[in-house]
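This report describes the fold of one protein chain and then looks at selected residues within it. Please keep the sequence and the model in view while reading.

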Amino acid sequence: MPLYEHVFLARQDVTAQQVEELTTRFKGVIEANGGSVGKTEYWGVKSLTYRINKNRKAHFTLLNIDAPAAAVQELERQQRIDEDVLRVLTLRVEEHEETPSAMLQKRDRDDRGERGERGDRGDRGDRFGGREDRPRRPRPTEEVQAEEEN
């Protein structure tokens, strides 16, 4: 069966509990049509780039689906009917990733420690990319400049 990554956005007004219930209901639709849902990730409430139906934020949820195309079509049809779902995106993929998605990995990046020693660069570092390594270009003297102007 084909593999899909499916992301849906739910209104910010609904609670996290209601989003879980939506996810459970959508899993049931897939399983009733002969498919299975592998991994489910709740990405939380995130700001939208632009308003969607007067909403500035939405609950994001990812589903890794292994199902026939008819099951995915039925899922999308049910989501279009549901007033709590703002947008849907389904992509067919060659294989599912076992590691957490990029959205969940982004949180881990913020947990990095200090940058450590900066060596002999001081606070600002070498701003000009190592100019002292390049030879200086000879500057024309005032006499040479006067000759060039004539």
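## Overall fold

The chain contains four helices and four strands. These elements are DSSP runs numbered from the N terminus, a helix being a run of H or I with at least four residues and a strand a run of E with at least two. Along the sequence they follow the pattern β-α-β-β-α-β-α-α.

This is a predicted model, in which local features need pLDDT of at least 70 and side-chain atom pairs count only at pLDDT 80 or more, while totals for chains, interfaces and linings use all residues. Residues are numbered from 1 along each chain as its sequence is written, and side-chain values use heavy atoms, with hydrogens and water left out.

## Surface and contacts

Of the 150 residues in the chain, 28% count as buried. A residue is called buried under 20% relative accessible area, exposed over 50%, and partly exposed in between, using a 1.4 Å probe and protein chains only. The chain exposes about 11,600 Å², and carbon and sulfur atoms supply 44% of this area. Such areas come from the Shrake-Rupley method with a 1.4 Å probe, and for residues only the protein chains shown count as cover.

A contact means heavy atoms within 4.5 Å. Among contacts in the chain with a separation of 6 or more, 76% are between residues 24 or more positions apart.

## The nonpolar cores

In soluble globular proteins, nonpolar side chains tend to be buried together. A nonpolar core is a set of buried Ala, Val, Leu, Ile, Met, Phe, Trp, Tyr and Cys residues joined through side-chain atoms within 4.5 Å. The largest such core in this chain has 17 residues, and Phe26, Ile30, Ile65 and Leu75 have the most contacts inside it. The elements β1, α1, β3 and α2 each give two or more residues to this core, with α1 giving the most, five residues.

Apart from this core lies another one of nine residues, including Leu9, Leu48, Leu62 and Leu86.

What does isoleucine 30 touch, not counting residues up to four places away in sequence? Its partners are Gly35, Ser36, Val37, Ile65, Ala67, Ala71, Val72 and Leu75.

Helix α2 has 13 residues and reaches 19 Å from its first C-alpha to its last, close to the 18 Å expected at 1.5 Å a residue. The expected span is 1.5 Å times one less than the number of residues in the helix.

Which residues of α2 are buried? They are Ala71, Val72, Leu75 and Gln79. These residues are on the same side of α2, because they cover an arc of only 100 degrees around the axis; the arc is that of the directions from the helix axis to the C-beta atoms. Their cover includes β1, α1 (16-32), β3 and β4 (85-93).

On the other side of α2, Ala70, Gln73, Arg80 and Ile81 are exposed. The relative accessibility of alanine 70 is 51%. Alanine 70 and glycine 35 are 35 residues apart in sequence, and their C-alpha atoms are 9.7 Å apart in space.

Histidine 6 is found in strand β1, which covers residues 3-11. Is this residue buried or exposed? Histidine 6 is buried, because its relative accessible area is 0%. Leaving aside neighbours within four places in sequence, its contacts include Leu62, Ile65, Leu75 and Val88.

The side chains of histidine 6 and glutamine 79 are joined by a polar contact of 2.9 Å. A polar contact is a pair of N or O atoms within 3.5 Å; within protein, one must be able to donate a hydrogen and the other to accept it, and residues adjacent in sequence count only if both atoms are side-chain atoms.

## The loop between β2 and β3

Asparagine 53 is found in the loop between β2 (36-52) and β3 (55-66), and lysine 54 is placed in the loop between β2 and β3 as well. Phi of asparagine 53 is near 50 degrees, a positive value in a residue other than glycine. Lysine 54, although not a glycine, has a positive phi of about 65 degrees. Asparagine 53 is exposed at 60% relative accessible area, and lysine 54 is exposed at 79%.

Asparagine 55 lies in strand β3 and is buried, with a relative accessible area of 8%. Its side chain reaches the backbone oxygen of asparagine 53 at 3.1 Å. Leaving aside neighbours within four places in sequence, asparagine 55 is in contact with Arg11, Gln12, Asp13, Leu48, Tyr50 and Leu86.
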